[in-house]
Amino acid sequence: MMIEFVGSDEVFRARREKLVKSLVEEGILKSEEVIRAMLSVPREEFVPPRYRELAYLDTPLSIGYGQTISAPHMVAIMTEALKVSRGNKVLEIGTGSGYQAAIIAEIVKPEGHVWTIEIVPELAKFAEENLRRTGYSDYVSVIIGDGSRGYEEAAPYDRIIVTAAAPEVPKPLISQLREGGRIVIPIGDMYVQILKIIEKRGGTLHVEDSVPCVFVPLVGEYGFKKDLWHDG
Ligand code: SAH
């Protein structure tokens, strides 16, 4: 019966390979490490069970609590921009499903580590379960808290990635980044942002604009204030 093959590991692997191939053809995926990571991490394990069949559509999907797992092309763009390598210490703000953290862990392991901060406790638990099931728990620490303040405990970081929209670069992130380090962060208003690639060289910040993007808002001390949310 055909239905037996729907959702099998083999079917998902084939869909994953097809998606990665098209991201390579579009020129979005370029480096060997990021391609390998996107071929390795099973996105179907990071979406709510009812969306498993949609895991390889190149689109964000709801993970509940008004939040989303980013589209694969956005994960690819951000991971390429981060220029992460084996052994790096990486801080992620906005764990969500844990998928982006797993992609980075796949590149930095086994010597490197990812610290990822999530403000919604239920999502931190969801991500932790996803990371455990897929074998990334040893390389990723999920922390519940306000990531707009960074995470001083494991600083300084080689790389910092913010996967929520910020009004500006939160100050603590700049001080927790090591000299020569790099931050990838969507900066703008609550509805549309520009992905910024920031390097800390000689104590100063060098900022480069990447693509326009749409992320859910960063909340917390250095994020958007909830009482100011309104449409238009
Ligand atoms: N990287 C995620 C997608 C992130 S969606 C993935 O791969 O699935 C953005 C996430 O940022 C949401 O889960 C939201 O709850 C979280 N968030 C928003 N503001 C935050 C803050 N100040 N600190 C930590 N997490 C925050």
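**Charged pairs and their setting**

A: Start with Glu-45 and Arg-52, which form a salt bridge (a side-chain nitrogen of Lys or Arg within 4 Å of a carboxyl oxygen of Asp or Glu); their closest N and O atoms are 3.5 Å apart. The model is predicted: local features need pLDDT of at least 70, side-chain atom pairs count only at pLDDT 80 or more, and totals for chains, interfaces and linings use all residues. Residues are numbered from 1 along each chain as its sequence is written, and side-chain values use heavy atoms, with hydrogens and water left out.

How buried or exposed are the two partners? Glu-45 is buried, at 17% relative accessible area. Arg-52 is partly exposed, at 25%. The cut-offs are under 20% for buried and over 50% for exposed, with partly exposed in between (1.4 Å probe, protein chains only).

Next comes Arg-178 with Asp-158. The closest N and O atoms of this salt bridge are 2.5 Å apart. Arg-178 lies in strand E7 (residues 177–188) and Asp-158 in strand E6, so the pair ties together parts that are 20 residues apart in sequence. Helices (H or I, at least four residues) and strands (E, at least two) are DSSP runs, numbered from the N terminus. Arg-178 is partly exposed, with 32% relative accessible area, while Asp-158 counts as buried at 12%.

A further pair is Lys-196 with Asp-209. Their side chains meet in a salt bridge, 2.8 Å from N to O. This pair also links distant parts of the chain: Lys-196 sits in strand E8 (residues 193–201) and Asp-209 in strand E9, 13 residues apart. Asp-209 counts as partly exposed, at 48% relative accessibility.

Some bridges share partners. Through them, Arg-36, Glu-106 and Lys-109 are joined into one network. In total the structure holds 15 salt bridges.

A cis peptide bond joins Lys-109 to Pro-110, with omega about 5°. Pro-110 is found in the loop between helix H4 (99–108) and strand E4 (113–118). Another cis peptide bond joins Ala-155 and Pro-156, with omega about 0°. Here the loop runs between strand E5 (140–144) and strand E6 (157–162), and Pro-156 is part of it. Strand E6 is also the strand that holds Asp-158.

Tyr-65 has a positive phi of about 60°, although it is not a glycine. It lies in the loop between strand E1 (61–64) and strand E2 (67–69). Lys-83, again not a glycine, has a positive phi of about 45°. Its loop lies between helix H3 (72–82) and strand E3 (89–93). Lys-83 is exposed, with a relative accessible area of 54%.

Val-214 is exposed, at 64% relative accessible area.

Now the whole fold. The protein has 6 helices and 9 strands. Its C-alpha atoms fill a box of roughly 60 × 40 × 35 Å, taken along the principal axes. Of its 232 residues, 51% are buried. Glu-45 and Asp-158 belong to that buried class.
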